[in-house]
Amino acid sequence: MTRRQRRMVLVLVLIGGVGIAAALTLEAFRNNLLYFISPSEVVAGKAPPGRAFRLGGMVEKGSVKRAKGSLKVQFVLTDFAHSVPVVYSGILPDLFREGQGVVTSGHMGPHGVFVATEVLAKHDAKYMPPEVADALKQAKRTTTSQVGAKP
Amino acid sequence: MWLFFHKLGSPKHFYQLAGRMIPWFAWACALLMIAGLIGGLVLAPPDYQQGDSFRIMYLHVPSAWMSLFIYVTMAVSSAIALIWKMKMADIIAACSAPIGASFTFLALVSGSLWGKPMWGTYWVWDARLTSELILLFLYLGYMGLLVAIEDRRNAARAGAVLALVGVVNVPIIHYSVQWWNTLHQGPTVTKFGQPSIAASMLIPLLLMGLAFTLFYMTMVLIRARTAVLTQERRSQWVRELIEHHE
């Protein structure tokens, strides 16, 4: 083996070793790296009891209820398998709307209600002009109404 | 091919070749950037959800791409320098670091400014944002290491090892949004199948990406030329060059 080949092997071993070490470390910290957990995990009892954590999911359509004269808001977070009711008092981000993904942080209150102290909006990876979005919505509506019209 | 590789490795040939390439890269970069900016800021339609705020993407996304691209370039040059003992590869790696650090900083700041109106916060410690911050520290650590060690060859070797160790962070940054739940959204352009972005918005983004790449190439060649002159100041060809200028 020439010296150059030996150096080549050394560089490869270095990268491989660091790669394996990183993979093992990340695997060990797997759960700590999750920024938020889903409603299904909360229902399955995986939420840390009595401790603050983050809950992420989709705001269920038609579930947002605002209290008159205050910033209190109530909604249901869902991952389409399970859902968790959330109460929050404060200013919501611009992108907060029904059918939109959000990440809330807080703790489980009584009766399985999540008491949020912060609500962040998670925007999707789709970018399109408003006319296209409207057209897509229109197309969806017509197809669903056609399906619904069938006997 | 090998001849080209060897010629590139010789400081004198690199100096001459880079000098001829710089104006081409610079002009191409300027034209593409103007086209990309007009396309992105004027011609592209506003987003259906984010309105005009999404336009910061034309700065944020290419910066983030470059932060990764430059790091990989640095790591590859470092590997070449370690294995083939090529002086020019060390110079390219060292000259790339401050440019890469600047792009990383730009990506973090523009992302933060974008996050406030859209997510509702400037910063969160999710996997994507945290790993990009670690990338900035890697760049800064690399630059610090090169300055801290006085002997030039030792400094280059230590820096090369650090650059190679740090390259493990690059796939982590790229895949962080798929491996873990993050506040940062998933990939838009590099998705399998169709990118989930309208063509009128995507084309300016790609133009900006190309313009940023050319900007990096222009900058790194200018910096490397200066570094070559400083390093080879005692050699015959540099002396002749200076006398010729006087």
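Predicted model: local features only at pLDDT ≥ 70, side-chain atom pairs only at ≥ 80, totals over all residues.
**Notebook: cores, a helix and a contact**

I started with the largest nonpolar core: of its 65 residues, B:Ile92, B:Ala93, B:Ala163, B:Ala211, B:Tyr216, B:Val220 and B:Ala224 touch the most other members. A core here is a set of buried Ala, Val, Leu, Ile, Met, Phe, Trp, Tyr and Cys residues joined through C-beta atoms within 7 Å. Buried means 20 or more other C-beta atoms within 10 Å of a residue's own, exposed means 12 or fewer, and partly exposed is in between, with C-beta atoms placed from the backbone.

I then looked up which elements give two or more residues to this core: they are α2 (11–43), α3, α4, α5, α6, α7 and α8 (199–231) of chain B. The largest share, 16 residues, comes from α3(B). Helices are DSSP runs (H or I, at least four residues), and strands are too (E, at least two), numbered from the N terminus.

Residues are numbered from 1 along each chain as its sequence is written, while chains are lettered from A and ligands numbered from 1 in the order in which they are written.

Next I picked B:Tyr216. Leaving aside neighbours within four places in sequence, B:Tyr216 is in contact (C-beta atoms, placed from the backbone, within 7 Å) with B:Met66, B:Ile70 and B:Ile99. Apart from this core I found another, of 27 residues, including A:Tyr35 and B:Leu183.

Is B:Ser96 buried or exposed? I find it in helix α4 of chain B, and it counts as buried because it has 26 C-beta neighbours inside 10 Å. Not counting residues up to four places away in sequence, B:Ser96 touches B:Ile70, B:Thr73, B:Met74 and B:Val220.

On to α6(B), where B:Ala156, B:Gly159, B:Ala160, B:Ala163, B:Leu164 and B:Gly166 are buried. They cover an arc of only 160° around the axis (taken from the directions from the helix axis to the C-beta atoms), so they sit on the same side of α6(B). I see them packing against α1 (3–28) of chain A, together with α3 (57–84), α4 (87–118), α5 (127–148) and α7 (169–179) of chain B.

Last, the contact between the chains: it takes 34 residues from chain B and 32 residues from chain A. On the side of chain B that touches chain A, α3, α4 and α6 each supply at least two residues, and α3(B) gives the largest share, four residues.

Definitions and conventions:
Contact = placed C-beta atoms within 7 Å.
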